[in-house]
Amino acid sequence: MFSSRFTSALSQMCHKNFNIQNFFYKKQFCKVFYGHSNVSCNSFISQCSKEQLKHVRSGKHLIQPFTFARFYCQQTLEGNEPVKKKRDIMYKPMRKERLANQELFRNILSQKGENPMSVEDWACVESLFLSKIKEKWEIFCMHTLYLDKNVKFGKSLMSYLESKPTTPNVIAMTFFIGLLGQTCNGSDEQEAEVKKYFDILLSNTDTFDAASIEILIQGLSKTKYYLECLPLLETYVEFNGLGAGVMAALLDAGMRYHNSDLTNFAMSQFEKGSNDPTQLIQFVSMVVESCLAADNQQGLEDLMGFLRKHMLLFPKTALEEIHGLFQRSQPGQWAGQYGYIHYKGGNCVACGTQMDKIELSHAEFEKLQKVFLDQVIVGSNIFYKSTPDEMKNLIAFVKRKGPFDVVIDGLNVIHRSGAVPQDERIERTVKYFLNLDKRVLILGSKVLSRYTKNIKAMRNLNTYMTSSTKADDAFMMYAALQSGQDTLIVSHDKLRDHRFLLDSDIRHIFNKWLHKIQIYDWFYSRQGEFTVRRRHLFDLGPKKDKGGWHLPENDVDFNNPHGQFSVLCLRNISNKGDDASKDVLPLQIKAVSGISHEVDQQRDCAETSFKNPSTLKPSELGKKNPSVGHGTLTRAPTNQQRPAKSTPAFTRAKGKDTEWFET
């Protein structure tokens with residue numbers, strides 16, 4: 001009975017390209033198989049074996065049965081009877097019960113205050129939790145102490161466990177090693193304890209699960225015995241790839257003990273396979289602290305170089321933590337303020353330092369050009385977006401009509417910011433580039449054809465319509481890549497999701513290329529002329545210069561999805577001879593209030609021009625917030641705060657604006 005029902009359900013699903021990761025089809029499978037879309041974990045697991053689930057198509061990988069049952073099945077089903085809505089008592093109540101017991105344990109410890117826990121006290125705790133929890137009480141208590149980093153009571157609990165005739169539980173000892181390591185803070189005595197208990201642990205067992213290995217690495221990496229982590233890595237990788245926490249712990253250890261090989265290995269893991277370098281951002285303050293504490297300047301530069309390579313931005317909280325770390329490590333030597341990199345000149349408005357332009361070598365471009373088609377368009381998921389015939393038509397079209405100077409995302413232009421589609425928008429945009437003698441391609445779905453009737457006959461203009469909007473972004477980037485290194489893309493979309501389809505060693509090249517060629521910020525003047533406002537042409541850092549550091553801030557918000565080029569400008573004021581350190585304000589933590597980022601409201605206004613940032617004086621910046629005292633971070637005036645004046649749209653005449661436009 002079961003076999004025929006299972007086969008019948010699969011046969012109904014598979015012809016629909018059944019993807020187990022899709023919630024709708026999960027529900028549909030349960031409805032076909034059980035007669036209801038909600039089933040229980042036990043009901044599903046008891047009837048579906050792993051061998052049977054192997055026949056279910058799941059996109060890139062097979063779904064594990066427990067994953068499906070645990071996260072998507074919340075109710076109990078008997079046969080085909082309707083299910084009464086009833087709370088699942090498998091997980092949530094257990095979670096609440098555990099949290100309540102942890103709070104009870106913390107209250108017991110808080111009542112002791114500064115007094116130590118005696119043997120009798122621990123015996124009472126043991127008898128209390130033996131009757132309240134199902135797991136071993138010593139594991140529960142040590143885990144809670146590990147989470148709270150409560151080393152005082154952790155040592156007391158371990159002493160109590162050692163006083164018993166039996167050997168302490170290996171899992172409790174694992175949590176204790178992690179607790180000792182994370183709280184040692186350079187104490188030789190506590191580091192020796194870590195090594196002692198680790199040796200005891202190895203003498204009792206040589207088999208560890210992935211979770212235990214991660215805790216051990218987190219503890220050992222904080223001590224001079226950090227190399228003991230390396231043998232554990234081989235076992236850890238057998239379970240799964242290196243997680244972000246493990247990689248960060250190894251990187252932190254390499255920085256603290258000046259081990260460049262370990263540092264390079266850890267950073268390389270962040271950009272391998274399915275890992276994403278952005279995971280490093282959540283640990284960057286910890287790693288910077290280790291660099292400064294160990295006076296590892298080379299390690300700090302290597303870290304910042306890695307972040308710069310992948311164009312990673314720092315959250316505001318991380319920048320404030322790093323600012324505090326610099327101040328504490330070298331008191332009185334650092335000053336700085338929040339500023340931004342001027343979008344045309346490339347200068348920091350706080351100190352005037354010139355930033356480098358984003359450069360893409362010919363070899364890098366050719367490498368990206370060769371792999372983009374295979375990895376992004378002809379990858380495993382392309383035929384969910386398009387068809388082989390449409391792909392062949394695009395390739396033939398680009399070869400026949402190309403190369404192009406500009407590729408325009410037609411639907412994006414006419415629908416900018418959710419506005420009602422307007423024919424004149426696409427027409428004005430196209431005329432702007434045609435007046436500059438550019439060969440233009442408009443790409444979009446067939447819906448766009450109704451808006452391009454009046455411009456199809458224009459010279460140097462080509463249009464390509466896709467069957468749907470699913471693959472238009474990938475097709476647009478393909479056309480630009482095949483046209484040349486300087487071909488521009490006009491689109492407000494971020495277009496960055498496609499980089500995850502590329503191999504890890506290509507992703508940073510894709511980021512540079514996209515920043516260099518994309519026009520994403522434009523508006524139409526009162527005269528109706530298409531005008532480019534800002535482009536991302538300069539490297540925001542992190543960058544070290546003679547006077548200090550520039551660290552890019554993640555200032556992306558709803559109105560500025562591509563950011564505003566904000567940076568934290570840190571200056572080393574101990575370098576008296578360095579001109580870059582003279583014109584900065586004392587460090588401040590509060591940004592100037594009243595900064596408006598209403599970019600969309602400026603779309604119908606003339607383009608804003610600003611004072612050259614290199615001519616700004618400290619007195620001019622100080623007037624923006626005269627009440628701010630020493631020791632806090634101020635923010636330099638933003639683009640929106642500066643006086644505006646009308647400027648003409650770009651012309652074909654060679655000049656500064658034209659050079660900025662043509663990259």
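A: Start with a sheet. Four strands form an open sheet in the order S1-S11-S10-S9, with antiparallel pairing. Strand S1 (334-340) and strand S9 (543-545) are at the edges with a single partner strand each, so one side of each has no neighbour in the sheet. On average, neighbouring strands here are turned by 20° against each other, direction ignored. This is a predicted model: local features need pLDDT of at least 70, side-chain atom pairs count only at pLDDT 80 or more, and totals for chains, interfaces and linings use all residues. Residues are numbered from 1 along each chain as its sequence is written, and side-chain values use heavy atoms, with hydrogens and water left out.

Q: What makes two strands a pair, and over how many bridges do S9 and strand S10 pair?
A: Strands of a sheet pair through backbone hydrogen bonds, either parallel or antiparallel. Two strands pair if DSSP finds at least two bridges between them. S9 and S10 (residues 548-552) pair over three bridges, in the antiparallel sense. Lys-543 stands opposite His-550 in S10.

Q: Which helix lies across S9 and S10?
A: Helix H17 (residues 297-309) does, running at about 30° to S10. Axes are lines fitted to C-alpha atoms, for helices over the stretch in contact; angles run from 0 to 180 degrees between N-to-C directions. Contact means heavy atoms within 4.5 Å.

Q: How are helices and strands defined, and how many are in the chain?
A: Both are DSSP runs, numbered from the N terminus: helices are H or I with at least four residues, strands E with at least two. The chain has 26 helices and eleven strands.

Q: What is the strand order in the open sheet of five strands?
A: The order is S4-S3-S2-S5-S6, with parallel pairing. The edge strands, S4 (461-466) and S6 (518-519), each pair on one side only. Strand S5 (residues 488-490) runs parallel to S6, and two bridges join them. Ile-489 has Gln-518 in S6 as its bridge partner. Helix H23 (residues 472-483) packs on this sheet, touching strand S2 (406-409), strand S3 (440-445), S4 and S5. The direction of H23 makes about 170° with that of S2.

Q: How do I read burial, and which residues of helix H15 are buried?
A: Buried means under 20% relative accessible area, exposed over 50%, and partly exposed in between (1.4 Å probe, protein chains only). Of the 663 residues of the chain, 50% count as buried. In H15 (residues 260-269), the buried residues are Leu-262, Thr-263, Ala-266, Met-267 and Gln-269. Seen down the axis of H15, they fall within an arc of 155°, so they line one face of the helix. That arc is taken from the directions from the helix axis to the C-beta atoms.

Q: Which residues touch the most other members of the largest nonpolar core?
A: In soluble globular proteins, nonpolar side chains tend to be buried together. A nonpolar core is a set of buried Ala, Val, Leu, Ile, Met, Phe, Trp, Tyr and Cys residues joined through side-chain atoms within 4.5 Å. The largest core has 82 residues, and Trp-137, Val-288 and Leu-307 touch the most other members. Helix H14 (residues 244-256) gives the largest share, nine residues. A second, separate core of 34 residues includes Leu-368, Met-477, Leu-502 and Phe-510.

Q: Is Asn-101 buried or exposed?
A: Asn-101 is buried, at 7% relative accessible area. Asn-101 is found in helix H6 (residues 92-112).
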